[in-house]
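Student: I have a model open and a few questions about it. Can we go through some of the side chains?

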Amino acid sequence: YILKGDDTHEQLMLAFREYFRCNEKWEGGTSDEAGMKARNALGIIRILARDRRKELQASRKERMKQVRANRGKQE
């Protein structure tokens, strides 16, 4: 199951939309398949959330390196 998106954030947003769409069908009682798709979307959201968290941590780490490097230049 590959989501078409430019980056992890976009893929995460697409997965949320898919989950909400399927969950509405499931809650409406119109489709058992919608329940399976909603659960699948939740699994994808979990994976993407983990990946996005790693990206944010790496970005913060890089940002902190730059801040520390700039402090040394200002002194």
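**Contacts, rings and surface**

Tutor: Leaving out residues up to four places away in sequence, Thr8 touches Leu48, Asp51, Arg52 and Glu55. Keep in mind that this is a predicted model.

Student: Which side chain does the side chain of Thr8 make a polar contact with?

Tutor: That of Glu55, at 2.5 Å.

Student: Where is Thr8 found, and is Thr8 buried or exposed?

Tutor: Thr8 is in helix α1. Its relative accessible area is 12%, so Thr8 is buried, the cut-off being under 20%.

Student: OK, switching to Gly43. Which helix is that in?

Tutor: Gly43 sits in helix α2, which covers residues 32-74.

Student: Buried or exposed?

Tutor: Gly43 counts as buried, because its relative accessibility is 17%.

Student: And what separates the C-alpha atoms of Gly43 and Ala15?

Tutor: A distance of 9.5 Å, with the two residues 28 apart along the chain.

Student: Now the rings. How many aromatic pairs are there?

Tutor: The count is 2 aromatic pairs. One of them is Phe16 with Phe20, a stacked pair with 6.2 Å from centre to centre and 25 degrees between the planes.

Student: Why is that pair called stacked?

Tutor: Because planes under 30 degrees apart count as stacked, and the planes of Phe16 and Phe20 are at 25 degrees.

Student: How are Phe16 and Phe20 placed in helix α1?

Tutor: They are 4 residues apart in helix α1, so about one helical turn separates them.

Student: What about the rings of Tyr19 and Phe20?

Tutor: Their centres are 5.5 Å apart and their planes are at 55 degrees, so that pair is tilted. Phe16, Tyr19 and Phe20 form one aromatic cluster.

Student: Is Tyr19 buried or exposed?

Tutor: Tyr19 is buried, at a relative accessible area of 19%. Phe16, with 31%, is partly exposed.

Student: Which residues form the nonpolar patch on the surface?

Tutor: Met13, Phe16 and Phe20. Together these three have about 260 Å² of accessible area.

Notes:
Residues are numbered from 1 along each chain as its sequence is written. This is a predicted model: local features need pLDDT of at least 70, side-chain atom pairs count only at pLDDT 80 or more; totals for chains, interfaces and linings use all residues. Side-chain values use heavy atoms; hydrogens and water are left out. Patches are made of residues with over 30% relative accessible area and no salt bridge: like charges are joined within 9 Å, nonpolar side chains (Val, Leu, Ile, Met, Phe, Trp, Tyr) within 5 Å. Accessible areas come from the Shrake-Rupley method with a 1.4 Å probe; for residues, only the protein chains shown count as cover. A salt bridge is a side-chain nitrogen of Lys or Arg within 4 Å of a carboxyl oxygen of Asp or Glu. Helices (H or I, at least four residues) and strands (E, at least two) are DSSP runs, numbered from the N terminus. Buried means under 20% relative accessible area, exposed over 50%, partly exposed in between (1.4 Å probe, protein chains only). A polar contact is a pair of N or O atoms within 3.5 Å; within protein, one must be able to donate a hydrogen and the other to accept it, and residues adjacent in sequence count only if both atoms are side-chain atoms. Contact means heavy atoms within 4.5 Å. Rings of Phe, Tyr and Trp (its six-membered ring) pair if their centres lie within 6.5 Å; planes under 30 degrees apart count as stacked, over 60 as edge-to-face and the rest as tilted.
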